[in-house]
Amino acid sequence: MKSKKRRNTLRQSLAVFRYSGRAINLVWTTSRTMTIILATLTLVAGLLPAAIAYIGKLIVDAVVASSQGKAGGDSFVNIYPPLFYVGLEAIAVALLAASQRGLTISQSLLRVLLGQRVNVLILEKALTLDLAHFENSEFYDKITNARREASIRPLSLVNRTFGLVQNALSLVTYGVLLVKFSLWAVVALIVAAMPAFIAETRFAGEAFRLFSWRAPETRQQQYIENLLGREDYVTEIKLYQLGEMLLGRYHNVFNQLYGEDRDLTVRRGLWGYLLGLVSTAAFYVAYAWIVIETVFGKISLGDMTMYLTVFRQGQSTFASALTSIGGMYEDNLYLSNLYEFLEEKVIQPWGNVTRGSKPQDGIRFENVSFTYPGSSKPALRNISLHLKPGQKLAIVGENGSGKTTLIKLLTRLYTPDSGRIFLDGVDLQEWNVDALRRRIGVIFQNFVRYQFTVGENIGVGDVENLDDSKRWQVAAQKGMAQQFIERLPQSFGTQLGRWFKGGQELSGGQWQKIALARAFMRTQADILVLDEPTSAIDAQAEYEIFNHFRAVTQNQMVFLISHRFSTVRMADKILVIDNGEVVEQGTHEELLADGGHYARLFLLQAAGYQ
């Protein structure tokens, strides 16, 4: 049973190395030229140390021979061989230094290129993920782990792989030289380095597990940093005097993480020192052995110098090789986070319809139900509605009733658990998702305030015409933003937000008009989705906007979510949702006459204005 468990543990450990080949391929495809240079310099740096040690032996032996031959010949002639070997060693040392410097330069350049490549891979993967991924805390842990250190680990793995090759070449040449002295010296060299290697590998695995478990705490730290350091939070932080409290939490999280790091670092360092003494003891045993052999005349003074150098460097090189293997194991552990994220399964949209079979049918919901992943309570239950081309539908309900969820299903950010949604007579799932979304202009309640220029903030509504200034102006007019935009310093070229130099901050109502104009950028969109589009705009401006809005959207289907009944009463049809279910639908007058849920909410709001 124990042997089976050990085999499984060994198999799991070896399985971790499966990412080595992928990391090498990643580096190779990032820059073939730099990878070839790195490999060549690694080869040179691996062969030269043994050559230098051997030349050192030749120098000592030549000096001894020259000293003994002084009486029998010209001293100037005798000094040439040692000087020749000294010059040869100087050249070899210069080449070794050049190769090492070249390795440093190559690694630095590759690190930059590879960091960019990995970050792009992560961002490209993020673009393919569904909304459900971004509303899942476990997914955020996964992407946090993938991004932390993932940009440096592939190069680290390749460097260690090349370093292992370099050390292996050096060890082969050292072994050839050392085995002439004694095979047992080679065995001692290997055995003495093993305990430290085993301990280092174990601590590497422990450090990785600690790293992976702490993703939520790391995100909490980053979140607090954002709260304390960004302009969109600073006003409330200061007014509510939250700074000290948040800083205290930041310190508490850090102290927890630091305590875990400190314990691991101390244990790792202590065991590394104690087990390193084994290697030191082995060296001095070999040292004494070589000295004794020299004293008894079994080896020359040059041989002694070479063997001591070879044993010391061989011991260091072998320990370095084992460290490289341990580091490769650690790098593979971290890369497992990256590749698990990149291999996150995504359900590919299979629809390819770009034109409906019944263009006059509009949008139909038939008994649509949906429950968010991880929730036991349905967000929507048996929703049925029909909106014809040109009609305006207002959706009313208390917060959490399911209004925004309905919009997420319409825009295919989520897929219904049951029931079907039709557009122009075709199931929404059969539509090509890009063709579908090109037909929809959206302003969400929590719209994005891009730190771009005014024109770009509007232009992102139709990325294919992002820089079309004529469309900016038309969209701004429809969104009633033209008037205040013209008063800005550079009009549509004005930088918005405070993140970049010269940026102008807008009021909440002005930002909302920018977002409304963004929805109008899609001139071919025949479906408009407006989720609380005027929540930051005063009542008079809101009334003007919606009068104008009806005029510019005569041929478009509109889904309007609003808590203000002065706006929803302008819709052709009103849908009242409560607890995820449609409880009432009809015109404003019909719903008031029914005296139900809508009438009660309307009268409550109307009383507030009296």
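Tyrosine 85 counts as partly exposed, at 23% relative accessibility; here buried means under 20% relative accessible area, exposed over 50%, and partly exposed in between, with a 1.4 Å probe and protein chains only. Phenylalanine 84, with a relative accessible area of 53%, is exposed. One caution before going on: this is a predicted model, so local features need pLDDT of at least 70, side-chain atom pairs count only at pLDDT 80 or more, and totals for chains, interfaces and linings use all residues. Residues are numbered from 1 along each chain as its sequence is written, and side-chain values use heavy atoms, with hydrogens and water left out.

Back to those two rings. Rings of Phe, Tyr and Trp (its six-membered ring) pair if their centres lie within 6.5 Å; planes under 30 degrees apart count as stacked, over 60 as edge-to-face, and the rest as tilted. By this rule there are six aromatic pairs. Phenylalanine 84 and tyrosine 85 make an edge-to-face one, at 5.5 Å centre to centre with 65° between the planes. Tyrosine 450 and phenylalanine 452 are stacked, because their ring centres are 5.3 Å apart and their planes sit at 15°. Both partners are partly exposed: tyrosine 450 at 28% relative accessibility, phenylalanine 452 at 36%.

Now zoom out to the whole chain. Its secondary structure comes to 22 helices and 10 strands, taken as DSSP runs numbered from the N terminus (helices are H or I with at least four residues, strands are E with at least two). Of the 610 residues, 44% count as buried. As for contacts (heavy atoms within 4.5 Å), residues 24 or more positions apart account for 75% of those with a separation of 6 or more.

Next, the helices. UniProt, in an unreviewed entry, places "transmembrane region" features at residues 77-98, 157-177, 183-204 and 270-290; such annotations may be inferred rather than shown by experiment, feature names are shortened, and positions follow the numbering used here. Over residues 157-177 the chain is 100% helix and 0% strand, with the end C-alpha atoms 30 Å apart.

What about the interior? A nonpolar core is a set of buried Ala, Val, Leu, Ile, Met, Phe, Trp, Tyr and Cys residues joined through side-chain atoms within 4.5 Å. The largest one has 33 residues, and Leu38, Leu110, Leu114, Val118, Ile122, Leu335 and Phe341 touch the most other members. Among the elements giving it two or more residues are helix H3 (32-68), helix H4 (75-128) and helix H12 (301-342). H3 supplies the largest share, eight residues. Leucine 110 touches Val27, Ser31, Met34, Thr35, Leu38 and Leu155, leaving aside residues up to four places away in sequence. There is also a second, separate core of 31 residues, which includes Ile363, Leu387, Ile440 and Phe559.

Finally, have a look at strand E7 (residues 527-531). Five of its five residues are buried, so E7 is largely enclosed by the rest of the structure. In a regular strand the side chains alternate between the two faces of the sheet. Here both faces are covered, with Ile527, Val529 and Asp531 buried on one side and Leu528 and Leu530 buried on the other. Two strands pair if DSSP finds at least two bridges between them. E7 pairs with strand E6 (residues 440-443) in the parallel sense over four bridges, and glycine 441 has leucine 528 as its bridge partner in E7. Five bridges join E7 to strand E8 (residues 557-561), again running parallel; isoleucine 527 is partnered in E8 by methionine 557.
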